[in-house]
Amino acid sequence: MERIYLDHAATTPLHPDASDVMMRLAHIYGNPSSVHASGREARAIINQARDRFAAMLGCSAQELIFTSGGSESNNTAIFGAAWAAWFKAKRDGSSIMPHIITTTIEHHAVLHPIEQLERLGFSVTRVEPDHEGQISRDAVAAAIEPHTCLISVMLGNNEVGTLQPIGAIGQLARERGIVMHTDAVQALGTMELNLHELPIDFASFSAHKVNGPKGIGLLYARQGVQWEPLIHGGSQERKRRAGTENVAAIAGFVEAVQRSYSQLSDKREELIAIRDMFWEELKQYFQDRVVLNGHPTERLPHVLNVSLLDIPTETMLMNLDMAGVMAASGSACTSGSLEVSHVLQAMKLEPERMKTAVRFSFGLGNTKEQAHEAVERIKGIAERLRSRTNR
Ligand SMILES: Cc1ncc(COP(=O)(O)O)c(C=O)c1O
């Protein structure tokens, strides 16, 4: 039985070109901080990768910092901006702790560092989305306080795919002199990004979501934005992120992203065609017993979150796995049972919808034939479960 991987929002297969580059560079062992020839050889690879990223993402190379992934990029931007605001308040003799705005639908790599800052005394407002998972600019505007130092709103949601109005929210932040961060992990390689055209100060990226290797990421920090590094030590990344760089992973990362951006419109069209065909086939069979979760149009091309109303998430995922289809729920597994996803809860969906939600996410290697075959297997599961309950 052919395995069908429909969990590209969790992680993606390594692109063969990225793999080739990494294998070719695996023997480059020089420390990029060493001034001798071996070091310079490693340094040149990093510099070249940074320049290529800058050209693809519409920013300058000095504004890009390599990290260990999306989580570290998010933590660096959030703690970095928060500490800078805290130091400034101290210098100004203020005893008021800075205020942070985020949303209830962020990835845990944003929610948890902000919870940590809250424990230390920062005040926090968490803006709620609408039923389609979208955050409104006006709701963010209403949350701004005199001491707001940071707004963190993701670009595209990893669970339901809904896109956020980052341009409008970033503009608002800029007008009020507030630092703006966006978690763009799911957007990299699936949509056009021109960082200098977006009114943002920080953006987080991760390689393994875009057919690059795991354990490597990128942080965009706009020139002039005030922040403190998270990891202290050596003077790598212009003293903004200590630690000897993973040269081969950086080279694989840029190669993978280049593959996506060199054929972005074809890639998007293909993903949308597969996703929409899958959805239409599900709708044809399940009729009004299947619903789409998330925004119907303002969404990432690769994510489809649906509720198959008669089948609990856990049952569906287990049966899908046995049938060779890899999908996911945004739910955390605690003590052997699934908790309802915080994103679906924040969207205030009906309990029946939350308890039956499954996320299918598409990417490299998926075909329309696979999507059709996956729906056939889902239909088989539904029929088997139905005949069991009718017995
Ligand atoms: C939206 C979003 N942000 C952050 C992350 C964390 O990225 P990483 O696994 O590279 O730390 C993920 C990965 O699940 C994600 O989907």
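**Basis.** I note that this is a predicted model, in which local features need pLDDT of at least 70 and side-chain atom pairs count only at pLDDT 80 or more, while totals for chains, interfaces and linings use all residues. Residues are numbered from 1 along each chain as its sequence is written, and side-chain values use heavy atoms, with hydrogens and water left out.

**Domains.** I found the chain divided into domain 1 (4-11 + 264-390) and domain 2 (16-259), with bounds from an automatic or database domain assignment. Their centres, taken over C-alpha atoms, are separated by 29 Å. To the contact (heavy atoms within 4.5 Å), domain 1 gives 29 residues and domain 2 gives 32 residues.

**Contacts in sequence.** Of the contacts between residues at least 6 apart in sequence, I recorded that 74% join residues at least 24 apart.

**Secondary structure.** I noted 13 helices and 14 strands; these are DSSP runs, with helices being H or I of at least four residues and strands E of at least two, numbered from the N terminus.

**Burial.** I recorded 57% of the 391 residues as buried, which is under 20% relative accessible area (1.4 Å probe, protein chains only).

**Extent.** I read the box filled by the C-alpha atoms as roughly 70 × 50 × 40 Å along the principal axes.

Methods
Buried < 20%, exposed > 50% of the residue type's maximum accessible area, 1.4 Å probe, protein only.
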